[in-house]
Amino acid sequence: MMVRGEAASGVRDSVPIALGYFTVALAFGLYAAKGQVPVWAAGLISTTNLSSSGQFAGIVVMLASGSLVQLGLTVAVVNLRYVLMALSLSQRLEPGVRWWQRALVAYGITDEIFALAMGRRRVPVSYFLGLVPLPVLGWTGGTVAGAMVGEFLPPTWQAAFGVLLYGMFIAIVIPAARADRSVAAVAVGAAALSIALATMPFSAGLQPGWRIIIVTVVVSGVAAWLAPLPRKDA
Amino acid sequence: MPSLGWSIVVMAGVTYGLRAVPLLLFSKPIENRFVTSFLHYVPYAVLTAMTIPAIVFATTTPYSGVAGLVVAVALAWFGRSLLTVALGAAGAVWLVEILLV
């Protein structure tokens, strides 16, 4: 009975995330369809990845005909933050969680679901797993809808949907940058280096995946060196 | 060009591995200060590098892309929700494209 209650409140809490995911996934589906990725493949990528920035970066590499190594590396770097989230979640799961339960929980770690789960001091597995199904449905459904109807939209609407994902990224970076000068410096530095690499003659031919990797590793590395976190930060 | 099937397998496998391996193997917090700091800054560097300069070229004309960028940054600065920021950027792009294209 307790289990059912926790799972149900997880499902309830996840409704806004599911709606947001549906809207943003339209853009991913549209982008995939424009690159001639079949609808089923776009949907499958969304169901199996459940990560906006990671699969977006991945499809950029795919469409640029990057190698599988470049694809794997790009997805790994872009999604590296999940390592951090999984580590801190492993500290907060209720005691006595079985390995297969951890394996299930792992699938559902996204920025938003993680943020919701962190609202609990101890995270019950049933609550976490309740958070997952609706966002998966929203993310996959939005992708398929975007891939199917996207190309029939007028160009102005396509352009508008195309920036939804970027809007979501900006919504994550800016508040953090406003609250923390080091994060602000990271954002400004990453923007500057990214523009430089994309426009300089010697690096303009660089594939987007490599550019994202280089910018991330260089800027995060410099920031970690110059502005390390205080000791107790988790 | 690698096959579509293998590309999907690589993306799914890498993404799930990053989430599952730490959760299954580590039950202690990371101690290394450089590593925790590096991981802390990664999301902001990644998201910025993916957005800039790409957002400017994602639309029909750079003007609408810049408008979307400016509106999104402004809305996010004033603490609007993820959905509001995303829709605001899309709305700004739509409006500029209607006016200019």
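**Reading a two-chain model, feature by feature**

The side chain of Thr51(B) reaches the backbone oxygen of Leu47(B) at 2.7 Å. This is a predicted model, where local features need pLDDT of at least 70, side-chain atom pairs count only at pLDDT 80 or more, and totals for chains, interfaces and linings use all residues. Residues are numbered from 1 along each chain as its sequence is written, chains are lettered from A and ligands numbered from 1 in the order in which they are written, and side-chain values use heavy atoms, with hydrogens and water left out.

Q: Let's stay with Thr51(B): in which helix does Thr51(B) lie, and is Thr51(B) buried or exposed?

A: Helices (H or I, at least four residues) and strands (E, at least two) are DSSP runs, numbered from the N terminus. Thr51(B) belongs to helix α2 (residues 33-51) of chain B. Buried means under 20% relative accessible area, exposed over 50%, and partly exposed in between (1.4 Å probe, protein chains only). With a relative accessible area of 3%, Thr51(B) is buried.

Q: Which residues does Thr51(B) touch?

A: Contact means heavy atoms within 4.5 Å. Leaving out residues up to four places away in sequence, Thr51(B) touches Tyr166(A), Phe169(A) and Ile170(A).

Q: How do I read the interface of chain A and chain B as a whole, and how many residue pairs are in polar contact there?

A: The size of an interface is often given as the accessible area lost when the parts come together. Buried area is counted that way, with a 1.4 Å probe and summed over both parts. Here chain A and chain B bury about 7100 Å² between them, 78% of it on carbon and sulfur atoms. A polar contact is a pair of N or O atoms within 3.5 Å; within protein, one must be able to donate a hydrogen and the other to accept it, and residues adjacent in sequence count only if both atoms are side-chain atoms. The rule finds 14 such residue pairs across the interface (both at pLDDT 80 or more). On the side of chain A that touches chain B, helix α12 (residues 164-179) of chain A gives the largest share, 13 residues. In contact terms, 95 residues of chain A meet 66 residues of chain B.

Q: What does the fold of chain B look like, and why is chain B called more spread out than a compact globule?

A: Chain B has five helices and zero strands. The radius of gyration is taken over C-alpha atoms, and the globule rule is 2.2 Å times the number of residues to the power 0.38. For chain B the radius is 19 Å, well over the 13 Å that the rule gives for 101 residues, so chain B is more spread out than a compact globule. Its C-alpha trace spans about 55 × 40 × 20 Å along the principal axes.

Q: How many salt bridges are there over all chains?

A: A salt bridge is a side-chain nitrogen of Lys or Arg within 4 Å of a carboxyl oxygen of Asp or Glu. The count over all chains is two, and between chain A and chain B it is zero. One pair is Glu6(A) with Arg120(A), whose closest N and O atoms are 3.3 Å apart. Glu6(A) lies in helix α1 of chain A and Arg120(A) in the loop between α8 (111-117) and α9 (125-131), so the pair ties together parts that are 114 residues apart in sequence. Another is Arg81(A) with Asp111(A), at 2.7 Å.

Definitions and conventions: Buried area = accessible area lost by both parts, 1.4 Å probe.
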